[in-house]
Amino acid sequence: MQLQTIFPQFDEELLAHLEAIGQVTNFEEGTMLMRPGQYFKNSLLILDGRVKLYREGDDGEEFFLYYLEQGSACALSMICAAKNETSAIKAKAMSPVKALAIPIQYMDGLMRDHRQWYYFVLETYRSRFEELLEVIDQVAFHSMDQKLEFYLKRQFESFKSNKITMTHQEIADDLNSSREVISRLLKKMESQKRISVSRNEITRLDF
């Protein structure tokens, strides 16, 4: 599984323990990994691929939160699994995903017996909390064109590329807006030579 390469912060004892208790699981692109109201039986360590997390409103609208990628884990699944609570978010595989599923009955022992795991959980909480604060700031204090710019920057950084493949409707869904509004704002950014827009593809030029 090359766990040591993906999680270099874990010592050999912890890596061996994770390999013994965990099960490698594969998910096809488009698979829903989490749904609101679902109980967790496992916490997932992402070995490969990309998972998109959403918050769902009362009327079924969706709002993009963040991605999980190789070397990361879902802080919410750790919390809910430990407290036997249900999920409040949706998670979808945006590519083929390989993950190490850790059964929830081992969570307390991992926290107690392995300091690297304890620090990993704390760092996961911290980084996700900071991401969510950024999202809240954008929603509460910025206009839609600023939200779009922030969103695109996150996508470019997440994909580690100056080119992303997304439809205008997908962006609109993530920002809880309309396709028409997003298309107009993308066209404005293109006229300012900040991005280049082609069919389902956006290229960063100058921002």
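Begin by selecting helix 6 (residues 144–159) and helix 8 (residues 179–191) in this predicted model. Their axes come within 10 Å and cross at roughly 75°. Angles of 65 to 115 degrees count as roughly perpendicular, and helix 6 and helix 8 are therefore roughly perpendicular to each other. Two packed helices are described by the angle between their axes and the distance between the axes.

Next, display the side chains where the two helices meet. From helix 6, select Met144, Asp145, Leu148 and Leu152. Their counterparts in helix 8 are Val181, Ile182, Leu185, Leu186, Lys188 and Met189. Sorted by class, this contact of helix 6 with helix 8 has eight nonpolar residues, two charged residues and no polar ones.

Now move to strand 10 (residues 201–204). Strand 8 (residues 163–165) runs antiparallel to strand 10 and is joined to it by three bridges. To see the pairing, select Lys163, which stands opposite Thr203 in strand 10. Strand 10 also pairs with strand 9 (residues 195–198), in the antiparallel sense and over four bridges. Here Val197 has Ile202 of strand 10 as its bridge partner. Strand 9 and strand 10 form a hairpin with two residues between the strands, where Asn200 takes a positive phi near 60°.

Then turn to an open sheet of three strands, which has the order 1-7-3 and antiparallel pairing. Strand 1 (23–27) and strand 3 are its edge strands, each pairing on one side only. From one strand to the next, the twist averages 35°. Five bridges link strand 1 to strand 7 in the antiparallel sense; select Asn26 to find Lys98 of strand 7 opposite. Helix 2 packs on the sheet, where it touches strand 1, strand 3 and strand 7, and its direction makes about 90° with that of strand 7.

Finally, which residues touch the most other members of the largest nonpolar core? They are Leu18, Leu45 and Trp117, out of the 19 residues in this core. At least two core residues come from each of helix 1 (3–6), helix 2 (12–21), strand 3 (42–48), strand 7 (97–103), helix 4 (107–113) and helix 5 (115–141). Helix 2 gives the most, with four residues. Leaving aside residues up to four places away in sequence, Leu18 touches Leu3, Phe10, Leu45, Leu100, Ile102, Leu110 and Trp117.

Notes: Residues numbered from 1 in each chain as written. Predicted model: local features only at pLDDT ≥ 70, side-chain atom pairs only at ≥ 80, totals over all residues. Heavy atoms only, no water. Axes fitted to C-alpha atoms, helices over the stretch in contact; angles between N-to-C directions. Parallel < 35°, antiparallel > 145°, perpendicular 65-115°, else oblique. Contact = heavy atoms within 4.5 Å. Nonpolar A, V, L, I, M, F, W, Y, C, P; charged D, E, K, R; others polar. Pairing = 2+ DSSP bridges. Core = buried A, V, L, I, M, F, W, Y, C linked by side-chain atoms within 4.5 Å. Buried < 20%, exposed > 50% of the residue type's maximum accessible area, 1.4 Å probe, protein only.
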